[in-house]
Amino acid sequence: MATNLSLSRPTWSLPALPRFWALAGALACLTLMGAAAGVARLLAGLGPTTFLTDSVPWGIWIGFDFALIAFAGAGFTLAAAAHVLHLHRLEPAVRPALFTGFLGYSAVLLLLVLDLGRPDRFYHFILYWNPHSPLFEISWCVLLYTTVLLIEVSPDFLGRFGWARLQQWALRLMPPVCIAGVTLSTLHQSTLGTLYVNMPHRLHPLWYTPFLPLLFFTSSVAAGLSVALLAYRLAARTRSQPEERRVVEDLASGVTGALLIFLALRGGLLWRENELPLLWPLDRASIAWWIELVAGVALPLILLVTPRLRRTNLTLWLAPLLVTAGVGLNRFNATLTAQTPPLGSSAYSPHPLEWLTTIGILAGAALVWLLAMRFLVSPAIPLAGHGSR
C-alpha cells in the first residue's frame with residue numbers, strides 16, 4: 001500500500017448557497033444567545049439559574065452529556081473500522097465522523113462546566129485522584145479522548161494553513177493515536193454504564209442491570225455508526241459532492257448488526273433477570289421503555305432488514321435518525337425518567353436558562369461542523385496515511 005501525503009488545500013471561496021448562509025446565521029444567533037445565558041449561569045450560580053435540587057441533582061445538562069458522548073462515538077467507531085479493522089473503503093466517512101466526535105466531546109466539556117457547582121475547580125480531578133470512582137475514570141477518558149480527537153482532526157487545520165511538513169508528521173502519528181482513541185472511548189462508553197450500576201436503589205429495574213456497561217457500549221456503537229452515516233451524507237451535501245453508495249450501504253449494514261446485538265442483549269437480560277412482567281402495567285416507566293425500544297430499535301431494524309425499504313433514500317435518512325433518537329432517549333431515561341425521584345413525580349423541570357445554554361452549545365457545535373465541512377475538511381486526507389495502491 002503506497003502512501004500519498006501530497007494533499008491539496010481546500011479553497012477559501014465562499015459558496016453561493018443562500019440556504020447555507022441562512023442556516024449558518026440562524027445557528028450563530030442561537031450560539032450567541034446561549035453564550036449570554038451561559039455567562040449568566042456562571043455569574044449567578046446554580047440556585048437562581050436551574051431547577052435542580054438535592055434530591056434531583058441531574059437535569060438536562062447531564063442527559064445531553066451522556067447522549068452526546070454516545071453520539072460522538074461516531075469518531076471511535078469509524079476510526080476502529082477504517083484503521084484498526086482495515087476497512088479502508090469507509091475512508092470517505094472518517095473525517096466527517098471525527099469532526100462530529102470532536103465537537104460532540106467539546107460540547108460535553110462545556111455542559112459539564114455549566115453543571116458544576118464550582119466550575120472554577122473543574123481541574124481538581126487531575127490533582128486529587130479518586131481511582132475508586134467511575135466519574136474519575138470517565139473524567140480522565142473524556143479529557144484524554146478529546147485530546148486524541150484534536151490530534152486526529154489536526155491534519156485538516158495544518159493543511160488549511162499550508163503547513164505540509166507538520167501535516168505529514170501528524171499523519172504518521174495517526175496509527176498509534178487511533179488505537180489510543182479507540183481504547184479510551186471503549187473504556188468510558190462502558191464506564192458510563194458502570195456509573196448507574198452503583199445506584200441500584202435509584203434506578204428503575206427496567207433500566208438497571210449489572211450488565212449496563214455492556215449495554216451502554218453496544219448502544220454507543222449503534223449510535224456512533226448512525227451518526228457517522230448521517231454526518232457523511234450531510235457533509236457530501238454541504239460540499240456539493242456525490243456520496244459513495246458503497247460507503248452508505250456499509251455503514252447501514254454496521255448499524256443493522258449493532259442493533260441486532262443490542263436487541264438480543266437487552267431482551268435476553270430482561271428474561272434472565274425476570275423483569276418481563278414489568279413491561280405490561282403500561283405505567284410511565286414501561287411506556288418510556290416501549291417508546292425507546294420500538295422507535296429506536298425495532299422500527300429502524302424493520303426499515304434496514306426489509307430489502308424494498310432499505311433501497312429507498314428515505315430509509316437511509318430515517319433509520320439512523322431513529323437509532324440516534326432512541327439511544328438519546330435511553331440516556332435521558334436512565335438519567336431522569338428511571339430515577340426515583342422524579343419517577344412518579346414532577347420534582348424537576350428545566351429552567352429556561354438550562355434550555356438556552358444547552359441550545360446555544362448544540363447550535364455552536366453544529367455551526368462549527370457546518371463551516372468545517374464546507375471550508376476546512378478535505379475528504380482526500382487519509383487518516384492513517386493510506387493512499388491508493
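Trainee: Which elements each supply at least two residues of the lining of the second largest pocket?

Mentor: They are α3, α5, α6 (124-127) and α7 (134-160). Helices here are DSSP runs of H or I, at least four residues, and strands are runs of E, at least two, numbered from the N terminus. A pocket is an open set of points on a 1 Å grid over the protein atoms alone where a 1.4 Å probe fits, with protein on both sides within 12 Å along at least five of seven lines; lining residues have an atom within 4 Å of a point.

Trainee: What kind of model is this?

Mentor: This is a predicted model, where local features need pLDDT of at least 70, side-chain atom pairs count only at pLDDT 80 or more, and totals for chains, interfaces and linings use all residues. Residues are numbered from 1 along each chain as its sequence is written, and side-chain values use heavy atoms, with hydrogens and water left out.

Trainee: Back to that pocket. Which helix gives the most to its lining?

Mentor: α7 does, with 6 residues. The lining has 27 residues in total. Leu-112, Leu-116, Phe-122, Phe-125 and Ser-139 lie nearest the centre.

Trainee: And the largest pocket, how many residues line it?

Mentor: 31 residues line the largest pocket. Nearest its centre are Thr-100, Leu-230, Leu-234, Ala-366 and Trp-369. Elements giving two or more residues to this lining include α1 (18-44), α10 (212-238) and α15 (352-376). α10 gives the most, with 6 residues.

Trainee: New topic. Where is Tyr-208?

Mentor: Tyr-208 sits in the loop between α9 (174-197) and α10.

Trainee: Is Tyr-208 buried or exposed?

Mentor: Tyr-208 is buried, with a relative accessible area of 19%. Buried means under 20%, exposed over 50%, and partly exposed in between (1.4 Å probe, protein chains only).

Trainee: What does Tyr-208 touch?

Mentor: Leaving out residues up to four places away in sequence, Tyr-208 touches Tyr-196, Val-197, Pro-200, Leu-203, Glu-273 and Glu-275. Contact means heavy atoms within 4.5 Å. The side chain of Tyr-208 also reaches the backbone oxygen of Val-197 at 3.2 Å.

Trainee: How far is Tyr-208 from Ala-334?

Mentor: Their C-alpha atoms are separated by 8.6 Å. Along the chain, the two are 126 residues apart.

Trainee: Last one, the whole chain. How many helices and strands are there?

Mentor: The chain has 15 helices and 0 strands. Its C-alpha atoms fill a box of roughly 60 × 55 × 45 Å, taken along the principal axes. Of the 389 residues, 53% are buried.

Definitions and conventions:
Polar contact = N/O pair within 3.5 Å; in protein donor to acceptor, adjacent residues only side chain to side chain.
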